[in-house]
Amino acid sequence: TTTTTTTTSYCATDCERCAGPGVCELCTNGKFLFDGNCVAACTATGYTESGQDVVGNTCVDIDACAAVPCPAGYACDDLPAPALGDAAGRTCTQFDACAWFPCELTGEVCADLPPPAGNSTSGRTCTDIDACAAFPC
């Protein structure tokens, strides 16, 4: 009796390595990996071409914080695609220096300074509470 083995390829055209039916991990022929598929160009809103890296050409989310940094004294949060790689693709939140760098002495009140004070102890002031002024004898 002769046994015939049929090998089924799960990889689509232009896919060199796949994780299963319809899920590509590495594209060939200059194609870009996007959401498990090989595409000719990264045209989806909020994505750009990464170029050749360890997994080949890929489409990656544009880092709006790198492209358009927030002003000094603000923390930047990049929004995921399909947010754009411009100012609309990120949020800027005033840095809370008191939360990250509380006053060292007991009895001091911390107050954040307005931007561009910074994102360290230079972005806040510590003031001693004058108990005598608040509660005179």
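# Notebook: disulfides, salt bridges and confidence

I then looked up where the two cysteines sit: C42 is in the loop between β4 (37-39) and β5 (47-53), while C59 belongs to strand β6 (residues 56-61), so that the pair links distant parts of the chain, 17 residues apart. For the hand of the link I turned to the torsion about the S-S bond, which is about -90° for C42 and C59, and therefore I record this disulfide as left-handed. For my own reference, a disulfide is a covalent bond between the sulfur atoms of two cysteines.

The structure holds 7 disulfides, and I followed up the link of C65 and C76, whose sulfur atoms lie 2.0 Å apart. With -90° about the S-S bond, the link of C65 and C76 is left-handed. C65 lies in helix α1 (residues 64-67) and C76 in strand β7 (residues 74-78), so this pair ties together parts that are 11 residues apart in sequence. I looked up the cover of both cysteines and found that C65 counts as buried at 17% relative accessibility, whereas C76 is partly exposed, with a relative accessible area of 26%.

I went on to C103 and C126, which form a disulfide with their sulfur atoms 2.0 Å apart. C103 counts as buried at 17% relative accessibility, but C126 is partly exposed, with a relative accessible area of 26%.

**Entry 3, salt bridges.** How many salt bridges does a search of the whole structure find? The search gives 3, and I went through them by their side-chain pairs. The side chains of K31 and D14 meet at 3.0 Å, N to O. D14 is buried, with a relative accessible area of 18%, whereas K31 counts as partly exposed at 24% relative accessibility.

The side chains of R124 and E104 meet in a salt bridge at 3.3 Å, N to O. R124 lies in strand β10 and E104 in the loop between α2 and β9, so the pair ties together parts that are 20 residues apart in sequence. Is E104 buried or exposed? E104 is exposed, with a relative accessible area of 63%, while R124 is buried, with a relative accessible area of 11%.

**Entry 4, the β1 and β2 hairpin.** I looked up how β1 and β2 are joined, and 4 bridges join strand β1 (residues 15-20) to strand β2 (residues 23-27), the two running antiparallel. They form a hairpin with 2 residues between them, and G22 in the turn has a positive phi of about 75°. The bridge partner of R17 in β2 is L26, but the side chain of R17 meets that of E25 in a salt bridge (3.2 Å, N to O). R17 counts as partly exposed at 40% relative accessibility, and E25 counts as partly exposed at 33%.

The protein has 3 helices and 10 strands, and of its 137 residues 22% count as buried. Among contacts between residues at least 6 apart in sequence, 17% join residues at least 24 apart. I put the accessible surface down as about 9,000 Å², of which 56% belongs to carbon and sulfur atoms.

The protein averages a pLDDT of 80, and 82% of the residues score at least 70. Among the elements, helix α3 (residues 131-134) has the lowest mean pLDDT (68) and α1 the highest (92). Over residues 3-8 the pLDDT is below 50, and beyond near neighbours in sequence this stretch has 0 contacts in the model. Where pLDDT is low, the predicted coordinates should not be read in detail.

Definitions and conventions: Residues numbered from 1 in each chain as written. Heavy atoms only, no water. Disulfide = S-S within 2.5 Å. Buried < 20%, exposed > 50% of the residue type's maximum accessible area, 1.4 Å probe, protein only. Contact = heavy atoms within 4.5 Å. Areas by Shrake-Rupley, 256 points an atom, 1.4 Å probe, with all protein chains shown as cover. pLDDT = per-residue confidence, 0-100. Pairing = 2+ DSSP bridges. Salt bridge = Lys/Arg side-chain N within 4 Å of Asp/Glu carboxyl O.
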